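I opened my notebook to go through one protein model. I wanted to look at the whole chain, then at a few places in it.

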Amino acid sequence: MGRFRDAVARPGLGAIAEVKRRSPSAGDLRPNADPAQLAAAFERSGASAVSVLVDERFAGTWDDLRAARAAASLPLLAKGFFSTREHLETAKASGADAVLLLLRDLDDARVHELMQVGSELGLDTLVEAHDAGELERAVKLEAPVIGVNARDLGTFEIDRRTQLERVASAPRDRLVVAESGILNRAHGAAAELAGADAVLVGSALMRADDPSAKLADLLRRPYVKVCGLTREEDVAVAAEAGADFAGFVLAESPRRAEAPLPVPDSMLSVGVFVGRTKEAGTDLAQLYATENGHRARDGVLLRGDDVVAQVKDLPWLEEDDGHWKQAARTEGRVLLAGGLGPENVRAAIEVVQPWCVDASRSLEVSPGIKDHERVRAFVEAAR
């Protein structure tokens, strides 16, 4: 594999940060963007790779790619409307490690040819699909890295839900990059849980006051879940504080919600069940088995029927001094729950290194009623 493919293939969700001065759909984004300065800052903030628009329709040039190459050592993706060997040779000479190939503009024979040329030149290729037909073409072409774009290039509309379905349907032996419409941490989490290896983020970074700080926030772990929500005002406070997941207990409990409440676009909703799940319209489900008439200690986080994380919790209404150490030994994504609050969540994070932390009872003034200051304090401590 080349440098770009290696970077996308690393464990966890990677981010390809994009240098883009303008967009045909949104107009000017950051007209005075300095590609060298941005590439260096994105590298410091943890980007897996940097994408550089070299097409004049995006106010980009090949000099932008050369400037980024001089300033940063991480892999660079050249983005433009490439259709010839000469385009790829220029990309290589300008410092690219990979190039974009748009299935919308190229037939299969040309894509195959350009993939071969890229291999000869030492360039990886990101083969981009915009609909189900193009995704099928990318798979049949044996593209090793497939981009799934949420934007309809005809209408410029974003459809993240359909994008996630296509990401989830891609073969697991391919690397998948979710492109367009990634505006916040919840969007990144949704792409990751659908099966994306990386997200490509452009407009959200270019519009930010500090693009590198925005990128660092998108990549920061753990995610934060506030559970046992029963009131709209508590959901609003959790969202304002920066929580990524809103949990609604849909099993028998003092914190039971009659139904999931609406959540803002910056959060994913999670229905919590014991014994079996029910269709409740949430983005995810958190399921515990039943033991001795109570919920079991541990559970799973589900996206549809797929287990996407292990839930590590305390025994029912009991303490366990080895809880964190046991959770730390768990492989894969860990959603850590059980006795967490503003006072101890940092210590738990240091021991377990969880993918997500979850609190409920410790944030209440009474069952199902949140203490807003403690919610804010928990999210701040976890982030």
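**Entry 1: the whole chain**

What share of the contacts in the protein chain with a separation of 6 or more comes from residues 24 or more positions apart? I found 57%. I noted that the model is predicted.

Next I looked up the secondary structure. The protein chain has 14 helices and 20 strands. Its radius of gyration is 22 Å, close to the 21 Å that the globule rule gives for 383 residues, so the chain is as compact as a globular protein of that length. I also checked the box that the C-alpha atoms fill. Along the principal axes, this box is roughly 70 × 40 × 40 Å.

Then I turned to burial. Of the 383 residues, 54% are buried. The chain exposes about 16,600 Å², and carbon and sulfur atoms supply 46% of that area.

**Entry 2: helix α7**

I picked helix α7, which spans residues 160-169. Which of its residues are buried? I listed Q163, L164 and V167. Seen down the axis of α7, the buried residues fall within an arc of 100 degrees, so they line one face of the helix. The face turned away from that buried side carries the exposed residues R161 and S169.

I then asked what covers the buried residues of α7. The cover includes strands β8 (145-149), β9 (175-179) and β15 (294-303), along with helix α8 (185-194).

I checked the N-terminal end of α7 too. D159 caps it, with a side-chain oxygen 3.4 Å from the backbone nitrogen of R161.

**Entry 3: D234**

I moved to helix α11, residues 232-241, where D234 is found. Is D234 buried or exposed? D234 is buried, because its relative accessible area is 1%, under the 20% cut-off. Its side chain makes a polar contact with the side chain of H372, at 2.7 Å. Leaving out residues up to four places away in sequence, D234 touches L229, G368, I369, K370 and H372.

**Entry 4: the cysteines**

How many disulfides does the structure hold? I counted 0. A disulfide is a covalent bond between the sulfur atoms of two cysteines.

C227 is buried, at a relative accessible area of 7%. C356 also counts as buried, at 0%.

Definitions and conventions. Residues numbered from 1 in each chain as written. Predicted model: local features only at pLDDT ≥ 70, side-chain atom pairs only at ≥ 80, totals over all residues. Heavy atoms only, no water. Helix = DSSP H or I, 4+ residues; strand = E, 2+ residues; numbered from the N terminus. Buried < 20%, exposed > 50% of the residue type's maximum accessible area, 1.4 Å probe, protein only. Polar contact = N/O pair within 3.5 Å; in protein donor to acceptor, adjacent residues only side chain to side chain. Contact = heavy atoms within 4.5 Å. Arc of directions from axis to C-beta. Disulfide = S-S within 2.5 Å. Rg over C-alpha atoms; globule rule 2.2 N^0.38 Å. Areas by Shrake-Rupley, 256 points an atom, 1.4 Å probe, with all protein chains shown as cover.
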